[in-house]
Amino acid sequence: MSTPSRRPSEHTPAARTPGTEDVLAAAGPQDAGPGRAIRVPGTPGRPGRSPWNRRRDRFVAAALALVCVAGGAVLWLVSDSRATTQRTTTDSPARLEPPSAVPGSLAERWRAPSEATDGPVAVGGSAVTASDGTVAGRDPMTGEIRWSYSRDLALCATDGAWSKVVAVYRKGEWCGEVTQLDPATGARTAQRNGDAEAPTTLVVGDDHVTTTGTRLLNTWRSDLVKTLEYGRVPAPVNPGRQPRPECRYSTVAAGSGLVAVIEHCPRETGARLTVLRAAGDEADEPEQVFSSLLPEMTAQVVAVSDERVAVALPERRQLYVFDHDGRRQATHDLAVPEPELAAVPESGVAATAKGRDSVFWFTGSRTVALAGDDLRPRWTVEDTLGAGTAFAGEYVVPIAGGLAVLDERTGETTRTVAVDRGGSRAPVSLSAAGPVLLEQRGATVVALR
């Protein structure tokens, strides 16, 4: 019995005798019938050529690689990393002990430019200066730079807060880059972007720092998370959350988790004192503690304590003291000329310093001591050049030709120390770093010992 012959299936290639020519090789698919082999164009017996073997394709691939490299180089050239120069140190700053009493004489040891600070910054064993885009941590004794942080941006403001150094750089129209540095090593510990106005000043509270402005205030906590923005917020995410965005601001003070601001609003007959929580539930929705209309336009907020807020009224030559519920608790007369009280500080912040249990306020020609709790005036000393500082366990204020050592309780001058300032009577801010007394005279920090 013969075996039936089998036809190749439609899915099984037909057998081909080796060496025979396939006459359908040049035929298109439409010419191939059932069971006929369809060959892929190409060299007989070899796989199809890779498209990347062609010269043109290799050229395109090389060009793409060059574009990627060039793009990366451009990004690096314009990046913040390339525009930042940082020099840190691992050496701990020397421990500096203050003298047992204010020395009988003080002489200049070193000086350095520092136009981006409102007063000398002494924190973490370093004297910090800020000039020409560079924040520098110096040895207080010699002025030698121990660490530095530089950007290709202008510095808006620099100060000490939370035992750190806070520097704000200008980006475009805003003072928008906030950087935190370790004062001992110069290492960057945090950085954020914001929308602080230019120019701006840093107002340091107990747990927060606030950037000033005539239309916008920003507040940051110690990890540089924004906790408050108040005023005319650029491109607000949630419109309608600001209570009075049309107002302008003149002076700002901070303390006890609060930010106090003097507002000047359209169609109001007097200035407005507004007190805000430095940290609310939402940064862009300010939590108002109270807001009170004052009886005159030329008002200055001076200080905020745990219990009170003090505001100077120039026309009345009085100090109004409010509690945190917005009730006026006291009114005190001030022995300060009206023009002096009416002159709004250029920084937008009253010049003050803290003592053991007092707040010292420099009005422009005299220093007023306010009680630390209820902010009542204790005494006034005339012919001073600044708010002063605690130094060697005593309280000193700058005067023409030197320093006056005062009894903090009574304001009486116990003695004076000569300091050569070349006859200048310009305002002077003070700070201390161990045995070194730092003076800021205009845009220059001078170390005395």
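Predicted model: local features only at pLDDT ≥ 70, side-chain atom pairs only at ≥ 80, totals over all residues.
Tyrosine 230 and tyrosine 249 are both buried.

**The tyrosine pair**

- How far apart are the ring centres of tyrosine 230 and tyrosine 249, and at what angle do the planes stand? The centres are 5.7 Å apart and the planes are at 20°.
- Planes under 30 degrees apart count as stacked, so tyrosine 230 and tyrosine 249 are a stacked pair.
- The pair links distant parts of the chain, 19 residues apart.
- Tyrosine 230 sits in strand S14 (residues 226-231), and tyrosine 249 sits in strand S15 (residues 248-255).

**Other aromatic rings**

- Phenylalanine 360 and tryptophan 379 also form an aromatic pair, and this one is tilted.
- Their ring centres are 5.8 Å apart, with 45° between the planes.
- Is phenylalanine 360 buried or exposed? Its relative accessible area is 0%, so phenylalanine 360 is buried.
- Tryptophan 379 has 8% relative accessibility. Buried means under 20%, so tryptophan 379 counts as buried.
- Elsewhere, ring pairs link Phe290, Tyr320 and Phe322 into a cluster.

**The open sheet**

- Four strands make up an open sheet, with antiparallel pairing. Their order is S2-S33-S32-S31.
- Which strands stand at the edges? They are S2 (108-113) and S31 (428-433).
- Each edge strand has a single partner strand, so one side of each is left without a neighbour in the sheet.
- On average, neighbouring strands of this sheet are turned by 20° against each other, direction ignored.
- Strand S2 runs antiparallel to strand S33 (residues 444-448), and five bridges join the two.
- Arginine 111 has valine 446 in S33 as its bridge partner.

**The second largest pocket**

- This pocket has a volume of about 170 Å³.
- Its lining holds 15 residues.
- Which of them lie nearest the centre of the pocket? They are Ser305, Asp306, Lys354, Val359 and Gly372.
- By type, the lining of the second largest pocket has seven charged, six polar and two nonpolar residues.

Technical notes. Residues numbered from 1 in each chain as written. Heavy atoms only, no water. Pairing = 2+ DSSP bridges. Axes fitted to C-alpha atoms, helices over the stretch in contact; angles between N-to-C directions. 1 Å grid on protein atoms, 1.4 Å probe; cavity = no way out; pocket = protein on both sides within 12 Å on 5 of 7 lines; lining within 4 Å. Points joined across faces, edges and corners; volume = space filled by probe spheres on them. Nonpolar A, V, L, I, M, F, W, Y, C, P; charged D, E, K, R; others polar. Phe/Tyr/Trp six-rings, centres within 6.5 Å; stacked < 30°, edge-to-face > 60°. Buried < 20%, exposed > 50% of the residue type's maximum accessible area, 1.4 Å probe, protein only.
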